[in-house]
Amino acid sequence: FDTLVHDFGTIIEGESVVCYFDYSNRGGGDLVITSVEATCGCTVPSWSREPLEPGAKQTLQLIFDASGRNGQQRKQVTVKSNAAKQVVRLTIKARVNNNV
């Protein structure tokens with residue numbers, strides 16, 4: 001992954017925001033992401049289930065729903081694959097403001 005953390009900054013309670021994590025296959029065989037698990041239902045991941053050839057790039061999308069949230073938020077998403085480092089944790093952060 002190019003980065004492991006995305007900070008949305010300040011967002012409004014009730015907003016759904018999207019971020020993208022780019023990754024590439026630096027190995028000699030196909031990269032397969034076997035699962036992506038979020039710490040709560042407010043964060044929904046989307047990724048390609050197709051094997052990624054060596055040298056190829058892809059993007060994982062995360063949608064964070066700030067409905068019913070207030071204050072500083074920090075959510076983790078666990079990515080499991082057949083890479084040398086089989087488990088990677090991605091983090092999204094946001095300050096949710098419901099005083100609008």
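Predicted model: local features only at pLDDT ≥ 70, side-chain atom pairs only at ≥ 80, totals over all residues.
Author: Local features need pLDDT of at least 70, side-chain atom pairs count only at pLDDT 80 or more, and totals for chains, interfaces and linings use all residues. Residues are numbered from 1 along each chain as its sequence is written, and side-chain values use heavy atoms, with hydrogens and water left out.

Reader: Why is T78 called buried?

Author: Buried means under 20% relative accessible area, with exposed over 50% and partly exposed in between (1.4 Å probe, protein chains only). T78 has 15%, so T78 is buried.

Reader: Which residues does T78 touch, not counting those up to four places away in sequence?

Author: S35, V36, E37, V87, V88 and R89. Contact means heavy atoms within 4.5 Å.

Reader: What makes a space a cavity, and what makes a space a pocket?

Author: On a 1 Å grid over the protein atoms alone, a cavity is a set of points where a 1.4 Å probe fits but cannot get out. A pocket is an open set with protein on both sides within 12 Å along at least five of seven lines. Lining residues have an atom within 4 Å of a point.

Reader: How many cavities of 30 Å³ or more are there?

Author: One. The largest cavity has a volume of about 40 Å³. Its lining is Y23, L31, V32, I33, S48, E50, L52 and Q58.

Reader: What is the volume of the largest pocket?

Author: About 360 Å³. Of its 16 lining residues, F1, S24, L31, A83 and K85 are the closest to its centre.

Conventions:
Points joined across faces, edges and corners; volume = space filled by probe spheres on them.
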